[in-house]
Every structure is written in C-alpha cells, then in structure tokens.
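Student: Could we go through this structure together? I would like to begin with the basis of the model and then ask about particular parts.

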Amino acid sequence: MTLRIATWNINSVRIRIPLLKRLVREAAPDIVCLQETKVEDASFPLEELKALGFPHVHFSGQKSYNGMALLSKIKLDKVQCMAMAGSDHKRHMAATLPGGVELHNFYVPAGGDIPDPKLNPAYGFKLRFVEEMTDWARKKKGAKMILLGDLNIAPLPHDVWSHKQLLKVVSHTPAEVERLDALKEALTWCDVARHFKPEEKLYSWWSYRNRDWRKSDRGRRLDHIWVTPPLTPALKAFHIHKNARDWDSPSDHVPVMIDIGL
DNA sequence: ATGGTAGGTCTCCTA
C-alpha cells in the first residue's frame with residue numbers, strides 16, 4: 001500500500017479545523033502528524049477530527065504550549081508520547097505502521113532568540129534536546145523508521161532565504177546545524193526533501209512578521225521528513241503544500257508530505 | 001539597526 005504522510009506545525013489545532021479540512025480536500029493525506037496543538041487532552045477536538053475522515057486519532061497535549069497528535073485513516077499500533085530532555089513538554093509521539101515501520105513525530109524546541117546557552121536557557125534546552133535525539137537514534141540501528149516534524153533547524157544554505165544573514169539567528173546557527181548533522185549521521189537518515197530536490201531553495205515556514213510573506217519570501221525549511229536507508233527505495237513523492245500559507249488565518253508553517261510504499 | 005504578528009492566556013509567555 002502507498003501511504004501519504006504529512007507533518008504540520010498547526011499552531012493551535014482548535015482554531016484550524018477548517019484548514020485541516022481543506023488539507024484533506026486538496027491533498028488527501030492518510031496520516032497527519034501535528035505539532036503545537038496547544039490544547040490539553042480534555043479539550044481536544046476529537047470528534048471534529050474524526051469527522052474529517054480519520055477514525056484513528058491520538059493526542060497528547062498540555063495547556064497553551066506544545067502538544068502532539070496523529071490523525072490516521074489506518075489503525076496505528078504502539079502509540080505513545082515520550083518525555084524528552086528532562087522536561088514534561090509534549091514533543092515526541094510515536095506509532096508503528098504496517099510492516100513494522102516506526103513513525104516518530106517530533107517538535108524540537110524553538111530555542112528563543114539569543115544563540116548562547118549561558119545567556120538563554122531555551123537555546124541550551126534545544127541543543128540538549130537534539131543531542132538526546134541522537135543518543136536515542138544510535139540505539140535504533142537497523143530499524144525501519146520515519147522521523148518527521150518541526151525540527152526548528154534549517155540545516156543547509158538553501159534551506160534559508162539568506163545563509164549569511166541567518167548564521168547568528170537561532171534555527172540556522174553552526175551549533176544547531178552540527179547537532180542536527182550528528183543526528184542525521186547516527187542512522188544515515190535520508191532527508192526526503194533533498195532526495196527529491198537537492199539544489200533548489202525550499203522553505204516550510206514564513207514568519208507572521210512579514211506583511212507580504214510571498215513577496216519578501218524570507219522563509220526557512222524547519223519541517224522535515226527523514227527515513228532510514230531500508231525505506232529509501234520505497235519513497236515515491238515529496239511535496240510542500242505552500243499554498244496553505246495563504247489560507248484564512250494560517251499557521252506560520254505549511255504541511256510537508258511524502259508518498260511511501262509500505 | 002530595528003521591529004514586525006499570532007495564539008492562548010498565568011493581561012505575558014512562547015513562537
């Protein structure tokens with residue numbers, strides 16, 4: 001079977017149900033992995049999401065911040081939300097797909113504004129979080145896995161609108177990129193976006209603070225889908241649903257998706 | 001060099 005799997009930092013699931021509906025209409029994903037649902041479980045809009053055509057909905061959230069969800073047309077096994085980096089933040093949710101393929105949905109901390117762990121604890125937390133992901137990955141040698149989500153790091157020069165102007169901006173600093181590279185090396189992950197589009201500028205996020213995001217086009221590729229080498233031959237397509245940035249009351253991130261044969 | 005917007009709210013914090 002071919003599955004279309006999407007990742008989307010939705011920045012509040014409750015106010016964007018119409019946008020999820022539109023994503024379903026335009027792209028028909030089989031599985032949607034959400035970050036930043038910003039809602040505690042008691043207030044999660046379960047029935048509304050089931051009504052969009054996802055009988056299998058899993059979520060783990062907290063008030064105001066973070067929060068993960070998986071929406072699926074197929075049954076998911078071994079669904080769990082794991083604590084990361086010594087915090088109680090909801091930033092990692094996993095499930096098992098047909099064929100024993102593990103799906104891992106991550107929301108890496110944004111890391112604040114100042115790229116110095118001594119002055120800005122949020123930045124230190126972000127670096128430690130990625131280091132812990134790397135320790136975790138090293139224990140997973142040989143597994144068939146998909147890692148996706150808002151990793152809040154744009155690693156390559158053509159993942160940002162200006163490499164030079166962003167070198168000291170959190171999301172593109174050498175310290176972050178080094179750590180993301182170490183995570184990528186740990187299992188020789190395939191970065192699916194670059195597997196299909198190795199050279200061109202690619203972004204998945206545009207700040208709310210630009211009055212015309214399309215005209216200024218100061219984007220960054222913060223949202224990623226990676227697969228372990230045994231899954232690389234199964235990749236069929238990659239797509240960034242850029243038009244979603246123009247929808248009414250949009251998230252600052254757009255959905256990113258793959259088609260993969262499992 | 002600066003400030004710009006959005007969401008959920010612990011009317012500020014995080015992004």
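Tutor: The conversation below covers the model, the DNA contacts, the sheets and several individual residues.

Student: What kind of model is this, and how is it numbered?

Tutor: This is a predicted model, in which local features need pLDDT of at least 70, side-chain atom pairs count only at pLDDT 80 or more, and totals for chains, interfaces and linings use all residues. Residues are numbered from 1 along each chain as its sequence is written, chains are lettered from A and ligands numbered from 1 in the order in which they are written, and side-chain values use heavy atoms, with hydrogens and water left out.

Student: Which residues come nearest to DNA strand B?

Tutor: There are 16 residues around DNA strand B, and those that come nearest are Ser 12, Arg 16, Tyr 208, Arg 209 and Ser 249. A residue is near a molecule or strand if one of its heavy atoms lies within 4 Å of it.

Student: Which classes make up that surface?

Tutor: The surface near DNA strand B has seven charged, five nonpolar and four polar residues. Here Ala, Val, Leu, Ile, Met, Phe, Trp, Tyr, Cys and Pro count as nonpolar, Asp, Glu, Lys and Arg as charged, and the others, Gly among them, as polar.

Student: What share of the DNA atoms within 4 Å of the protein belong to sugar or phosphate?

Tutor: Sugar or phosphate accounts for 64% of the atoms of DNA strand B within 4 Å of the protein, and the rest belong to bases. Phosphate oxygens of DNA strand B lie 3.3 Å from a side-chain N or O atom of Arg 14, 3.3 Å from a polar side-chain atom of Arg 16 and 3.2 Å from a polar side-chain atom of Ser 249. A polar contact is a pair of N or O atoms within 3.5 Å; within protein, one must be able to donate a hydrogen and the other to accept it, and residues adjacent in sequence count only if both atoms are side-chain atoms.

Student: Turning to the fold, in what order do the strands of the sheet with β1 stand?

Tutor: The order is β3-β4-β2-β1-β14-β13, six strands in an open sheet with mixed pairing. Its edge strands, β3 and β13 (235-240), each pair on one side only. Strands (E, at least two residues) and helices (H or I, at least four residues) are DSSP runs, numbered from the N terminus, and two strands pair if DSSP finds at least two bridges between them.

Student: How many bridges link β1 and β14?

Tutor: Six bridges link β1 and β14, in the antiparallel sense. Ala 6 has Met 257 in β14 as its bridge partner. Helix α1 packs on this sheet and touches β1, β2 (31-35), β4 and β14, with its direction at about 150° to that of β1. Contact means heavy atoms within 4.5 Å; axes are lines fitted to C-alpha atoms, for helices over the stretch in contact, and angles run from 0 to 180 degrees between N-to-C directions.

Student: And why is one side of β5 and β9 left without a neighbour in the other sheet?

Tutor: That sheet is also open and mixed, with six strands in the order β5-β6-β7-β8-β12-β9. β5 (77-81) and β9 (190-191) stand at its edges with a single partner strand each, so one side of each has no neighbour in the sheet. Helix α3 (residues 121-138) packs on the sheet against β6 (92-97), β7 (101-107) and β8, and its direction makes about 170° with that of β7.

Student: Is Ser 72 buried or exposed?

Tutor: Ser 72 counts as buried because its relative accessibility is 0%; buried means under 20% relative accessible area, exposed over 50%, and partly exposed in between (1.4 Å probe, protein chains only). This residue lies in strand β4 (residues 68-72), and its side chain reaches the backbone oxygen of Ile 74 at 2.5 Å.

Student: What does the side chain of Thr 173 join?

Tutor: The side chain of Thr 173 joins that of Tyr 123 in a polar contact of 2.8 Å. Thr 173 sits in the loop between α4 (163-166) and α5 (174-186) and is buried, with a relative accessible area of 4%.

Student: Finally, what is the phi of Asn 11?

Tutor: Asn 11 has a positive phi of about 50° although it is not a glycine. Most residues other than glycine have a negative phi. Asn 11 is in the loop between β1 (2-9) and α1 (17-27). Ser 64 also has a positive phi, near 75°, and lies in the loop between β3 (56-60) and β4.
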